[in-house]
Amino acid sequence: MNQTFNKQPVAFVTGASSGFGLLTSVALAGEGYRVLASMRNLTNKGQLEAAAKEAVVADRIEIVQLDVTDFSAAETVIQDVIRRYGQIDLLVNNAGYAAGGFTEEVAIEEWQRQFETNFFGLVAVTKAVLPSMRERRSGKIVNISSISGRIGFPSMGPYVASKFAVEGFSESLRLEMLPYGVHVVLIEPGSYKTDIWSKGLGAVTIHPNSPYVKEMKAILKYVNKIADAAPAPDEVIRQIVQVAKSPSPKLRYPVGKGVKLGIILKNILPWKWWERIVTKRLWKG
């Protein structure tokens, strides 16, 4: 039975109920993958089902329940997929959210929740696929990072820190797994029209007595301006598909307007110049 399944590559995608995860699941199915599209809450599967039906790929997508913060469930779900399909050729770690607020005012529990999902959940799912990929000496692990994994941004400390952690983890894991033919890849998108920012900063409550009222309002105005002008995430999805099809993908793929330039400038400019640019843009409009 496994020989039959091996003719069709298998992809496992986390956080597939919306955004990048949903679009990636549909795109990979269109490329001939058998896609296991996982999500924390199956009551949110309607949008993916509608998109899959519209793209005529519903028969190639199986929706499965997985809360990546349930580490034992991650192991169980992944092993069940490997048992049924023989392998996982591509893992796309997309599940995540953005927690916002100034560090002083963000509860330590919120920092923990941010890392449980964005980092430890990603590590748990990745660990579950590694033995099979290592033994087969084949596979790709695509971690959806962010420009925020390369450049810090005020009021986004938990999210930025979690994405920096994903970047460091991915660097180490890539060096560990390359001798086994397994490629670890980081996709680093800029701003696109997804609901991650509305769910993140949109949930921030500005307390009237906060010492950061002025700064938070300025940041929300700036972020909303960027979000309004953000394009649809088509090029991010194309990049993920290209990585999936590449025999030897690179470690990092920055995607989006100004992303590569921002990374270059941060790396080559003296820090004082860089922080002057960022603060002037934020606080002085």
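Buried means under 20% relative accessible area, exposed over 50%, and partly exposed in between, with a 1.4 Å probe and protein chains only. This is a predicted model: local features need pLDDT of at least 70, side-chain atom pairs count only at pLDDT 80 or more, and totals for chains, interfaces and linings use all residues. Residues are numbered from 1 along each chain as its sequence is written, and side-chain values use heavy atoms, with hydrogens and water left out.

**View 1. Helix H11 and its buried face.** Helices (H or I, at least four residues) and strands (E, at least two) are DSSP runs, numbered from the N terminus. Trp-274, Val-278 and Leu-282 are the buried residues of H11. Seen down the helix axis, they fall within an arc of 55 degrees, so they line one face of H11. That arc is taken from the directions from the helix axis to the C-beta atoms. An α-helix has 3.6 residues a turn, so residues three or four places apart point the same way. Lys-272, Arg-276 and Lys-280 are exposed on the other side of H11. The buried residues pack against helix H8 (213-229) and helix H10 (259-268); contact means heavy atoms within 4.5 Å. H11 (residues 271-283) has 13 residues and reaches 18 Å from its first C-alpha to its last, close to the 18 Å expected at 1.5 Å a residue. The expected span is 1.5 Å times one less than the number of residues.

**View 2. The open sheet.** Seven strands run in the order E3-E2-E1-E4-E5-E6-E7, with parallel pairing, in an open sheet of 7 strands. Two strands pair if DSSP finds at least two bridges between them. Strand E3 (61-65) and strand E7 (252-255) are the edge strands, each pairing on one side only. From one strand to the next, the twist averages 15 degrees. Axes are lines fitted to C-alpha atoms, for helices over the stretch in contact, and angles run from 0 to 180 degrees between N-to-C directions.

View 3. Strand E6 (residues 182-189) pairs with E7 in the parallel sense over 4 bridges. Leu-186 has Arg-252 in E7 as its bridge partner. Helix H3 (residues 46-54) packs on the sheet and touches strand E2 (34-39) and E3; its direction makes about 175 degrees with that of E3. H6 also packs on the sheet, touching E5, E6 and E7, and its direction makes about 155 degrees with that of E6.

View 4. The structure holds 4 aromatic pairs. Rings of Phe, Tyr and Trp (its six-membered ring) pair if their centres lie within 6.5 Å; planes under 30 degrees apart count as stacked, over 60 as edge-to-face and the rest as tilted. Phe-115 and Phe-119 have ring centres 6.3 Å apart and planes at 65 degrees, so this pair is edge-to-face. Both lie in helix H5 (residues 108-136), 4 residues apart, about one turn of the helix. Phe-119 and Phe-169 form an edge-to-face pair, 6.1 Å centre to centre with 90 degrees between the planes. This pair links distant parts of the chain: Phe-119 is in helix H5 and Phe-169 in helix H6, 50 residues apart. Both Phe-119 and Phe-169 are buried. Ring pairs link Phe-115, Phe-119, Phe-120 and Phe-169 into a cluster.

**View 5. Thr-24 in helix H2.** Thr-24 sits in helix H2 (residues 19-30). Thr-24 is buried, at a relative accessible area of 2%. Leaving aside neighbours within four places in sequence, Thr-24 is in contact with Val-13, Val-92, Ile-237 and Ile-240.
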